[in-house]
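I opened this model to look up its ring pairs, its domain contact and its chain contact. My notes follow.

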Number of protein chains: 2
Amino acid sequence: MEIAHRLDGETSEKGARERFDRIYRTLRTRICMLDHPPLERLREEDLAAEFNVSRTPIRRVLVKLEAEGLLRSVHGVGTIVTDIEIDSLEQVYQLRVELAELIGKLSPIMPGEARMADFRALLARCDDLVRQPDPREFARTNMDFFHLLNGLTANEPLREISERLYYQTSRIWLKTASRFSRFTEMIEDEIRIFQREVADIVAAIEIGDLEVVGHIRRSHIAMSFARLRKHASGVAPANE
Amino acid sequence: MEIAHRLDGETSEKGARERFDRIYRTLRTRICMLDHPPLERLREEDLAAEFNVSRTPIRRVLVKLEAEGLLRSVHGVGTIVTDIEIDSLEQVYQLRVELAELIGKLSPIMPGEARMADFRALLARCDDLVRQPDPREFARTNMDFFHLLNGLTANEPLREISERLYYQTSRIWLKTASRFSRFTEMIEDEIRIFQREVADIVAAIEIGDLEVVGHIRRSHIAMSFARLRKHASGVAPANE
DNA sequence: TATTGGCTTGTTGTGCACAACATCATTCCC
DNA sequence: GGGAATGATGTTGTGCACAACAAGCCAATA
């Protein structure tokens, strides 16, 4: 009975928060990967059925995602994925640029051998990506790279804020690229640029200068946004 | 009937979000002012009765406050106000120091005449405070001053993040001061220092250099934390 | 007397039913 | 025939009852 009590505790109490996090991360990744594109309506009942819970815990997740700016619930209408425009994201990018530099300044953590292996593995994934371009895999690799970089600081508030801003902006890339006329070439170019960035940063980490990592990352984010802006202005709105 | 419908709309639909914000801000201010001191248990039913709603909307507010780090809900125990220690807040302060400087850099807004009047009025409140010190009024003035400063940037994500970090740290001052042996003198000293800071910043704003405002604010936040740390180390833990 | 087991009490988490609300189609009236 | 009111339908917000859980109390027993 003691054991049964323990089991109950593990599956419901600790499992409750784990389940909450699991649903939250799942939905966040989906929104980020445009599996739930902007303006799509998420029905609470569908989500509840999918995750085998009631609407109540789903609503907790939706409230959090709404606070992060990824969703917006309107009474009587539905819960819709927020739309993103490149102009309204300029401020977020400006902030991300500054925060990127802080990661190398505030409580930097020199990665151990295990972390270094992760970085090298990600660099290998980039090399594969260059040989075999794929937008979804690119987006996922970009996301994983961000989380690795975010682990370079011990400043937890900074990590949390950077993560939040990343998920607010990362969607714009896939959205802009998808309506770009020369889609394939743009993807290939961006992947090559990204591969170089990862190589540069991994090299800087191997040297042990995390401040340089911050500088590289800062300039790359700024240039990435500049390219995005150029592409967005060069293509007519698709008003699909 | 048309009018009645409008009234219903105002009191329920738009009023719903307004009510949510009102409850949220009320609780946040109370926690910040130590009306709900750390480790106090907030009962959802009590709050529901006080604000004349059910537990459900209250829980939405509590979920948000938990996401901000001010509360922590534990199943079967209660919703308790998070405790704060000066050591664990060092990272938050490091980040606040950097963000303070960004307010003068990213999309600064030169205040109009109305805003200038607000700043001067707050300076007048500081002068009154020097003549008649009061810890609660000091905390409230500090809060209002922060919001005024936060309005100097048009970068909304920066505003939101700064606000969040402010409410995570502002409590530590009242908490530390309250268990300091020479409480009154410390309050008077801090109020005088604060009054000088406000005077300096208002002067910088009158000149029109918002970047200087950021620098002043940055150094003042850093020095404020240093003083706090010194006081905290100089007083034996009250383990009340 | 110390310890352990169950029990009681109080809290948050969950599920469900209904209200409030928005949207769209339909129908009635001009 | 056109436009506006009205009902149908689907959605989120709310209230309430109950389940899950933790902690403290108390008594029974070694």
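**Aromatic pairs.** I searched the whole structure and got twelve aromatic pairs over all chains. The rule pairs rings of Phe, Tyr and Trp (its six-membered ring) with centres within 6.5 Å; planes under 30 degrees apart are stacked, over 60 edge-to-face, the rest tilted. I looked up A:F146 and A:Y166: ring centres 4.3 Å apart, planes at 5°, so this pair is stacked.

**Ground rules.** This is a predicted model, where local features need pLDDT of at least 70 and side-chain atom pairs count only at pLDDT 80 or more, while totals for chains, interfaces and linings use all residues. Residues are numbered from 1 along each chain as its sequence is written, chains are lettered from A and ligands numbered from 1 in the order in which they are written, and side-chain values use heavy atoms, with hydrogens and water left out.

**Domains of chain A.** I noted domain 1 (2–81) and domain 2 (90–234) in chain A; such bounds come from an automatic or database domain assignment. Their centres, taken over C-alpha atoms, are 27 Å apart. Twelve residues of domain 1 and 13 residues of domain 2 make the contact (heavy atoms within 4.5 Å). About 1,300 Å² is buried between the two domains, 59% of it from carbon and sulfur atoms. Buried area is the accessible area (1.4 Å probe) lost when two parts are put together, summed over both.

Next I checked charges. The domains share two salt bridges (a Lys or Arg side-chain nitrogen within 4 Å of an Asp or Glu carboxyl oxygen). A:R28 bridges to A:E163 at 2.8 Å, N to O. Helix α1 (residues 2–32) gives four residues to the domain 1 side, its largest share. That side divides into eight nonpolar, one polar and three charged residues. The classes: Ala, Val, Leu, Ile, Met, Phe, Trp, Tyr, Cys and Pro are nonpolar, Asp, Glu, Lys and Arg charged, the others, Gly among them, polar.

A:L34 has a positive phi of about 65°, though not a glycine. A:L39 is found in the loop between α1 and β1 too. Its phi is also positive, about 75°, and A:L39 is not a glycine either.

**Chain A against chain B.** Here 27 residues of chain A meet 28 residues of chain B. Together the chains bury about 2,400 Å², with 53% on carbon and sulfur atoms. I counted four salt bridges between them. A:E66 pairs with B:R17, closest N and O atoms 3.3 Å apart. On chain A, the elements giving two or more residues to this side are α1, α3 (55–67), β2 (71–74), α4 (90–103) and α7. The chain A side splits into twelve nonpolar, six polar and nine charged residues.
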